[in-house]
Amino acid sequence: RTPSQRRKNRTSLTTAFYNRSISLPAFYVVVLFLPVEQGSLFLGGKSTDKFVRIVLQHLARHFLDRKSKRACFDMYERALASFIKTKGSDWEVSPSQS
């Protein structure tokens with residue numbers, strides 16, 4: 001992919017969270033894309049370049065119960081799948097709520 005394509009994908013992924021997901025104002029959504037040098041990511045003891053690790057800090061909204069929390073994180077999974085799964089990669093989301 002070209003740098004232009006990567007920027008477009010990153011923009012699309014970022015806006016997915018505040019446009020169609022949980023209706024957050026854009027300034028609440030902060031996304032850092034941190035590159036990992038090829039050969040530096042290991043999954044199950046094997047090197048891979050087909051894995052994305054996402055650390056999610058949920059600060060803007062608080063969940064009232066497990067059902068609403070599960071619904072929100074299911075939404076994140078669906079939004080991520082359209083960007084990551086279609087590229088042949090797998091992912092893991094590590095959420096925290098403050």
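I take a salt bridge to be a side-chain nitrogen of Lys or Arg within 4 Å of a carboxyl oxygen of Asp or Glu. I note that the model is predicted.

**Salt bridges**

I searched the whole structure and found two salt bridges. One joins Asp-74 to Arg-70, with the closest N and O atoms 2.9 Å apart. I placed both residues in helix 2, four residues apart, about one turn of the helix.

I read 38% relative accessibility for Glu-92, so I logged Glu-92 as partly exposed.

**Second largest pocket**

I checked the volume of the second largest pocket, which is about 160 Å³. I listed the lining as Arg-66, Lys-69, Arg-70, Phe-73, Glu-77, Val-93 and Pro-95. Which element gives the most to this lining? I found that helix 2 does, with five residues. Helix 2 (66-84) and strand 4 (90-97) each supply at least two lining residues. By type, I sorted the lining into three nonpolar residues, four charged and no polar.

**Pro-95**

I followed Pro-95, one of the lining residues, to strand 4. Leaving out residues up to four places away in sequence, I found Pro-95 touching Leu-56 and Phe-73. I also noted 8.2 Å between the C-alpha atoms of Pro-95 and Ile-54, which are 41 residues apart along the chain.

Terms used. Residues are numbered from 1 along each chain as its sequence is written. This is a predicted model: local features need pLDDT of at least 70, side-chain atom pairs count only at pLDDT 80 or more; totals for chains, interfaces and linings use all residues. Side-chain values use heavy atoms; hydrogens and water are left out. On a 1 Å grid over the protein atoms alone, a cavity is a set of points where a 1.4 Å probe fits but cannot get out, and a pocket is an open set with protein on both sides within 12 Å along at least five of seven lines; lining residues have an atom within 4 Å of a point. Grid points are joined across faces, edges and corners, and a volume is the space filled by probe spheres set on the points. Ala, Val, Leu, Ile, Met, Phe, Trp, Tyr, Cys and Pro count as nonpolar, Asp, Glu, Lys and Arg as charged, and the others, Gly among them, as polar. Contact means heavy atoms within 4.5 Å. Buried means under 20% relative accessible area, exposed over 50%, partly exposed in between (1.4 Å probe, protein chains only).
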